[in-house]
Amino acid sequence: MFEKRISLLFLSVLISNLLLGQSLNNPGSNHGNKFEQLESMLRDPNMYRSASGAPGPNYWQQKADYIINVELDDEKQRIIGTETITYTNNSPDPLTYLWLQLDENEHAANAENKRFSTSSMSDQMSLKKVQALIGTDKDYGVHIQKVSDVSGKPMTYRINYTMMRIDLAEPLLPKAKISFKVDWYYNISDRMVEGGRGGYEFFPEDGNYLYTITQWYPRMAVYSDFQGWQNKQFTGRGEFALAFGDFKVNITVPADHIVGATGECGNYQQVLSSAQLDRWKKAQTTQEPIEIVTLDEAKKAMSSRSSTKKTWTYQAKNVRDFAFVSSRRLVWDAMRVNDIEGNKPMAMSYYGPEAYPLYRPYSTKVVAHTLRVYSKHTIDYPYPVAISVEAANGMEYPMICFNHGRAEKDGTYSEATKYGMIGVIIHEVGHNFFPMIVNSDERQWTWMDEGLNTFCQYLAEQEWDADFPSRRGPAYKIVDYMKLPKDQLEPIMTNSENIVQFGPNAYAKPATALNILRETVMGRELFDYAFKVYAKRWAFKHPTPTDFFRTMEDASAVDLDWFWRGWFYGTDPVDISIDAVKHYQIADLDPAAWKKEEERKYQADLNAITRKRNIAAGTKFAVETDTSLKDFYNKWDRFAVTPHEREAFQQYYANLSSEEKAIFESKKHFYELSFSNRGGLVMPLIIEWTFVDGTKEIDRIPAYIWRLNENEVTKVFVKGKLIQSVKLDPDRETGDIDEDNNTWPRQQEPSKFEIFKERNAPRGSSSGENPMQRARK
């Protein structure tokens, strides 16, 4: 039965590895698997993508330029637009059709995601869940009015859910361009009810709307060297794959609306008051945020409705997308960021009165801080603007992002709200770098933008405040996720639509892995250089995971295939145990020393419990009662050093070389430590030694120690002092899921319980007030 269970276990492990795309190189063995190279799992290098991880000599990508005229209907909550797209085919392939994305179709009543999403009932259901089950009778989704060439001749098109194919009358040849027009409209969805990234939020207390207009225009899908058309449907989870291009967008809105958008506005003098225009000019030379639209002006605008319209004109070059915010209930502040190499972008924020206590002192300064930190670790921020908008969510677009962080009605806020706001602003502004500039395919690999960005977010948070309560980044904060049963996990290298634990898998785990690379595996200098090389190589291009993995190794000379295999292609956790510690010393051949040790052992051997109790009880032993029973051996000092023994030692010592005498006299302690890899994920061994004199020392052993035996290793350490204890991973930098087996001797952390008294519990308050409110009282 035992052998049968072992066979089944081995079969289970083998199937598990095959399912994860990790066909074992040396199945059934304790080595030759985890450290094998990834070549069979990575894309082959070619003229488009080099083996070094850099773009190849024949690298190409498409270009899509847009001229858009759009009107926001504040009465009907509708977007009406017309666009001219100029598409450049830089590929070597003739194209017979083009694919455009119609992302707003995710809200349509017959949307595919609403049909394949699972659902269930419970005794208590929120209104939002019930509404989702009932569905909507609202006319959501994109209504295509016309698709035509530049002469006005209709073009054939076919819509498949969130994708629209335009069939070309003639193939679009390599290096050729085509321009065509699309007219459309859609009804803006209530974002607070329907969900999604864009839409409107209605404020019943003042009767106004906040519009966050995103994924709003028919936009080109990506055609690439490694997958052709990326036309995988948008179902609300996996985000976007987009081509770079230039935008000119004319946005018509009610005259009392304020508009913030991707790019630079070219007609502030027509849409701002003279006072606001003066403040805008002043903001461009100040180091502190200046309110261009003040709180008083926003409140005044909220109390009336303009019957006229204004058109705001924005232009943006070399961006992959365009988004905007429009509302009459917006404060707008801005300041110049002067310390970005080769650029002086404007940091700006737009927010309503309910966010004023938090956004006014923090938002724009957080934007500026983010640009500085990310520029240091990736590339210098190249765009002219970076905007944070408070919209009770978190979503990113080139140069503009939407965040959360509202105060209570009395102007107070909790600490969690403050740090949550700072964190989300850093994160969403940081997305300007990943994926807005380093333009990975979010629809396929969420981790390539969310994971890398969350890692950089952690760096920025830690440079904002040494005590910043970062939720993701430190290794020990991924432990609860890594402890989960295997059927609740999936590798990081999993398609965005198929991830169960989306936040931990696509954000936290890759961010943790990169932080471990930086702090533990590679070191800051090597990691920072390689990470910056990756950002520079792939800025304004379309990288894949293979390009990232290869660049990190190419620029550092560190073999990381074992790390990618374990952290990105696998689900094993880190659990390394100290199983044994053995202490050795060089035998002291001086007879005075070894005889003393023999005496100690001899006495220990005699000292049984019976002997102890007989002596304590005053037992009359026969040899004491009748002394004639004693002979030579009762009086012999068996541990006395004889002249012969002393002479032999002196002769032995005299024949030692100087090196041998130095070792002999060093009195070194040799510690043989045995480790087992219980979790499966190989990692470096970080060993903290505590000596009996209270001092400490750390040894760092590379993960390669596991290469010849991935399950168990033994290593000897030589120390000059006697140790008191040994601890593995003392700073919790590897994500070990079981710290109880990381110490020798074993140290058990005491579990605590609390005497609970229902009323007046000392640890909290049932009032629902935040600490700022309680302090005011």
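Reader: Why is Asp246 called partly exposed?
Author: Its relative accessible area is 25%. Buried means under 20%, exposed over 50%, and partly exposed in between (1.4 Å probe, protein chains only), so Asp246 belongs to the middle class.

Reader: What are these values computed on?
Author: On a predicted model, where local features need pLDDT of at least 70 and side-chain atom pairs count only at pLDDT 80 or more, while totals for chains, interfaces and linings use all residues. Residues are numbered from 1 along each chain as its sequence is written, and side-chain values use heavy atoms, with hydrogens and water left out.

Reader: What makes Asp246 and Lys63 a salt bridge?
Author: The N to O distance between the side chains is 3.4 Å. A salt bridge is a side-chain nitrogen of Lys or Arg within 4 Å of a carboxyl oxygen of Asp or Glu, so the pair qualifies. Asp246 lies in strand 13 (residues 245-254) and Lys63 in strand 1 (residues 63-73), so the contact ties together parts 183 residues apart in sequence. Strands (E, at least two residues) and helices (H or I, at least four) are DSSP runs, numbered from the N terminus. Lys63 is partly exposed too, at 29%.

Reader: What makes the pair of Phe226 and Trp445 tilted?
Author: Rings of Phe, Tyr and Trp (its six-membered ring) pair if their centres lie within 6.5 Å; planes under 30 degrees apart count as stacked, over 60 as edge-to-face and the rest as tilted. By this rule the count comes to 61 aromatic pairs. The centres of Phe226 and Trp445 are 6.2 Å apart and the planes are at 35 degrees, so the pair is tilted. Phe226 lies in the loop between strand 11 (223-224) and strand 12 (228-229) and Trp445 in the loop between helix 9 (415-430) and helix 10 (447-464), so parts 219 residues apart in sequence are tied together. Both residues are buried.

Reader: Why is strand 9 called largely enclosed?
Author: 6 of the 6 residues of strand 9 (residues 208-213) are buried, so the rest of the structure largely encloses it. In a regular strand the side chains alternate between the two faces of the sheet. Here Asn208, Leu210 and Thr212 point one way, and Tyr209, Tyr211 and Ile213 the other.

Reader: How do you know that strand 9 pairs with strand 8 and strand 18?
Author: Two strands pair if DSSP finds at least two bridges between them. Strand 8 (residues 199-203) is joined to strand 9 by 5 bridges, and strand 18 (residues 324-327) by 3. Each of these pairings is antiparallel. Glu201 stands opposite Leu210, and the bridge partner of Ile213 is Phe324.
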